[in-house]
Amino acid sequence: MTITKKLYLIKNLKKAVERVMLAKKKNEKIAVWGDYDPDGTCGATILYEALEAIGFKNILLILPDNEKYGRGFTEPSISKVLKNKTKLLIAVDFGTTEFDQAKYFKKKGVDLIILDHHLTRKQLPQGILINVKQKGDRYPFKEFSGAGIALKFVQALGVACGKSNLWKQWLDLVTIAIVADRVERYSKKSENLSLLNQGFKVFNKTSRLGIKMLLRELHFKKLTRQNIYHPFKRSFVEALELWGSHRETSLFKIFTGTDKKELQVVAKKMVKVSDAIRKETLRVFHEAEQHLKKHPNDGFVFLQHESKLPTVTSRTAGLFKDMHAVPIFIVKTSKLDKRLLRGSARAPDGVNLVEVLDHCKKYLKNYGGHKPAAGFALYKENLNDFKGCLEKYFNQKI
Ligand SMILES: [Mn+2]
């Protein structure tokens with residue numbers, strides 16, 4: 001099978017390429033909307049730069065502050081899309097389950113292309129959905145990152161424009177996305193593995209100033225499999241993740257900016273932030289390990305910490321589960337309501353956190369999540385009862 005033929009096994013890919021080519025021919029207003037995280041921003045950057053490379057001008061780029069507005073299609077960005085008289089909107093790394101908003105865009109005369117890798121539900125959104133996990137998709141590999149799906153789309157766009165090698169320049173950003181989203185990259189058949197093999201080479205020749213500055217501030221001569229991500233040490237992806245969406249300089253600007261001085265200042269700050277959060281995470285992690293040592297037969301670990309830094313709770317819980325394969329519950333006082341504790345839970349295979357939290361729900365204010373990862377909140381007065389409930393639950397299981 002030729003590469004192009006294989007590419008078109010992706011459901012709706014041809015339709016989406018044709019829609020973009022029509023937009024180009026008619027000189028329509030076009031918008032790219034990405035998710036805020038490293039994968040989403042890498043995907044949006046790939047698409048934005050590729051559309052520019054094939055001749056689009058004045059593309060509206062939307063990367064909302066996720067902490068402020070939440071995920072998905074949210075206001076005020078929806079209004080921005082409409083005000084701009086956008087005819088074609090392309091969403092990257094989200095959208096598979098944005099049914100109401102997709103319908104709304106259709107009503108408003110905005111055509112929608114969704115490039116996503118999240119699990120599909122029975123219902124599909126209106127518009128052109130490109131997601132290899134959807135029913136009827138015949139592409140053999142299913143574990144792309146969001147940016148990986150964007151790259152497949154850009155590859156097809158390149159073919160349609162007679163520039164079939166165009167996509168290769170974005171292997172630097174896909175490399176980041178694959179590692180940031182922890183998509184499957186170890187099996188021999190994994191396309192992510194071959195993207196990474198090519199990606200490191202492209203990455204280490206990148207002309208992106210922000211990336212170069214960040215490598216320098218991290219004291220990495222080049223990006224390697226060891227320093228792209230490591231749970232206990234400084235790493236490139238960690239610095240991007242911990243920078244987040246709410247900072248004055250977005251990840252998009254870090255990827256595309258040209259002001260060397262500004263990027264150097266930002267890179268310094270990024271390293272400082274990630275060093276501080278890692279240090280805190282490891283401190284709480286060691287506390288959890290001490291707890292496990294003292295109570296090896298509880299079947300779970302419960303811990304309270306009061307670190308001022310963001311994401312320490314969920315990062316510690318994830319790390320602890322990975323290292324010890326023991327369920328863990330970590331809480332800290334809510335910033336908004338001092339009577340309240342907010343918590344993260346992580347569990348290895350064989351433990352269903354939804355079931356655990358259902359079992360103890362009368363002590364919780366709210367909770368949600370999946371089998372391996374969940375969040376919850378409870379009033380401090382219910383803490384002892386909640387812990388007792390967990391003890392009973394895990395006692396029965398042993
Ligand atoms: Mn993603």
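How many bridges join strand 1 to strand 3, and in which sense do the two run? Strand 1 (residues 30-34) and strand 3 (residues 88-92) are joined by 5 bridges and run parallel.

What we have here is a predicted model, where local features need pLDDT of at least 70 and side-chain atom pairs count only at pLDDT 80 or more, while totals for chains, interfaces and linings use all residues. Residues are numbered from 1 along each chain as its sequence is written. When I say helix or strand, I mean DSSP runs (helices are H or I with at least four residues, strands are E with at least two), numbered from the N terminus.

Let's start with the domains. The assignment gives domain 1 (3-202), domain 2 (204-278) and domain 3 (295-397); bounds like these come from an automatic or database domain assignment. Taken over C-alpha atoms, the centres of domain 1 and domain 3 are 35 Å apart.

Now back to that pair of strands. They belong to an open sheet of 5 strands in the order 2-1-3-4-5, with parallel pairing. At the edges stand strand 2 (60-62) and strand 5 (128-130), each with a single partner strand, so one side of each has no neighbour in the sheet. From one strand to the next, the twist averages 15°. By "pair" I mean that DSSP finds at least two bridges between the two strands. For angles, axes are lines fitted to C-alpha atoms, for helices over the stretch in contact, and values run from 0 to 180 degrees between N-to-C directions.

If you want to find the pairing on screen, look for W33, whose bridge partner in strand 3 is A91. Helix 2 (residues 13-25) packs on this sheet and touches strand 1, strand 3, strand 4 (111-115) and strand 5. The direction of helix 2 makes about 125° with that of strand 5. Contact here means that two residues have C-beta atoms, placed from the backbone, within 7 Å.

Next along is strand 4, which runs parallel to strand 3 and is joined to strand 3 by 5 bridges. One of those spots is I90, with I113 as its bridge partner in strand 4. So is strand 4 buried or exposed? 5 of its 5 residues are buried, so strand 4 is largely enclosed by the rest of the structure. The cut-offs use C-beta atoms placed from the backbone: buried is 20 or more others within 10 Å of a residue's own, exposed is 12 or fewer, and partly exposed is in between. In a regular strand, side chains alternate between the two faces of the sheet. You can see that here: D111, I113 and L115 point one way from strand 4, and L112 and I114 the other way.

Okay, on to helix 9 (residues 191-203). Its 13 residues reach 17 Å from first C-alpha to last, close to the 18 Å expected at 1.5 Å a residue, where the expected span is 1.5 Å times one less than the number of residues. Helix 9 has a kink of about 25° centred on N197; the bend is the angle between axes fitted to the seven residues ending there and the seven starting there. Its buried residues, L195 and G199 among them, pack against helix 7 (146-160) and helix 8 (171-180).

Then there's helix 14 (residues 260-294), with 35 residues and a reach of 51 Å, close to the 51 Å expected. Its buried residues include L263, M270, R278 and F285. What do they pack against? Among the partners are helix 10 (209-217), helix 12 (236-243) and helix 15 (312-324), plus strand 6 (301-304) and strand 7 (328-333). Helix 14 lies across strand 6 and strand 7, at about 135° to strand 6.

Those two strands are part of another open sheet, with 5 strands in the order 6-7-8-10-9 and mixed pairing. Strand 6 and strand 9 (366-369) are at the edges with a single partner strand each, so one side of each is left without a neighbour in the sheet. Strand 9 pairs with strand 10 (residues 373-379) in the antiparallel sense over 4 bridges, and G369 stands opposite A374 in strand 10.

E75 and P76 are joined by a cis peptide bond, with omega about 5°, and P76 is in the loop between helix 4 (66-69) and helix 5 (77-83). R182, in the loop between helix 8 and helix 9, has a positive phi near 50° without being glycine. R182 counts as exposed, because it has 11 C-beta neighbours inside 10 Å.
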